Amino acid sequence: MIKLEDYTKYHFDMEEELQDANKYPEIIQHKIEHQEFIDKLTSLKRDSKKDNLLLSLKTVDYLKDWTINHILESDKDFGEYLRNIEGF
Ligand SMILES: [Fe+2]
Ligand SMILES: [Fe+2]
């Protein structure tokens, strides 16, 4: 079974490669957003080991909101950018 962390890194790498190959002008900001998510995932893992349930729930909430906002805004913007590239 694939872990959330592994799949997330795989997904972000694929997306960033596609952005790089298509000279996406917002790639730096997009990468920063991806890195923020990975950092939070790492802290979630650390907190769950300490059994800090309250902090973990807060982090899970953050991850959920981040995912919804990122897909609906940043990933959507990139999709629109790709659609406007001639021949894509
Ligand atoms: Fe993304
Ligand atoms: Fe994505």
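A: Among contacts between residues at least 6 apart in sequence, 43% join residues at least 24 apart in this protein. The model is a predicted one, and the protein has a mean pLDDT of 89, with 92% of the residues at 70 or above. Its secondary structure consists of three helices and zero strands, in the order α-α-α along the sequence.

The part to look at is helix 2, which covers residues 27–50. Confidence is lowest there, at a mean of 89, whereas helix 1 (residues 4–21) has the highest, at 95. The length of helix 2 can be checked: its 24 residues, at 1.5 Å a residue, should span 34 Å, and the C-alpha atoms at its ends lie 35 Å apart, so the two values agree.

Burial comes next. Of the 88 residues in the protein, 3% count as buried. In helix 2 the buried residues are His30, His34 and Leu44. In an α-helix there are 3.6 residues a turn, so residues three or four places apart point the same way.

The loop between helix 1 and helix 2 contains Lys23. Lys23 is not a glycine, yet its phi is positive, at about 50 degrees. Lys23 counts as exposed because it has 9 C-beta neighbours inside 10 Å, and the cut-off for exposed is 12 or fewer.

How values were computed:
Residues numbered from 1 in each chain as written. Chains lettered and ligands numbered in written order. Predicted model: local features only at pLDDT ≥ 70, side-chain atom pairs only at ≥ 80, totals over all residues. pLDDT = per-residue confidence, 0-100. Helix = DSSP H or I, 4+ residues; strand = E, 2+ residues; numbered from the N terminus. Expected span 1.5 Å × (residues − 1). Buried ≥ 20, exposed ≤ 12 C-beta atoms within 10 Å, placed from the backbone. Contact = placed C-beta atoms within 7 Å.
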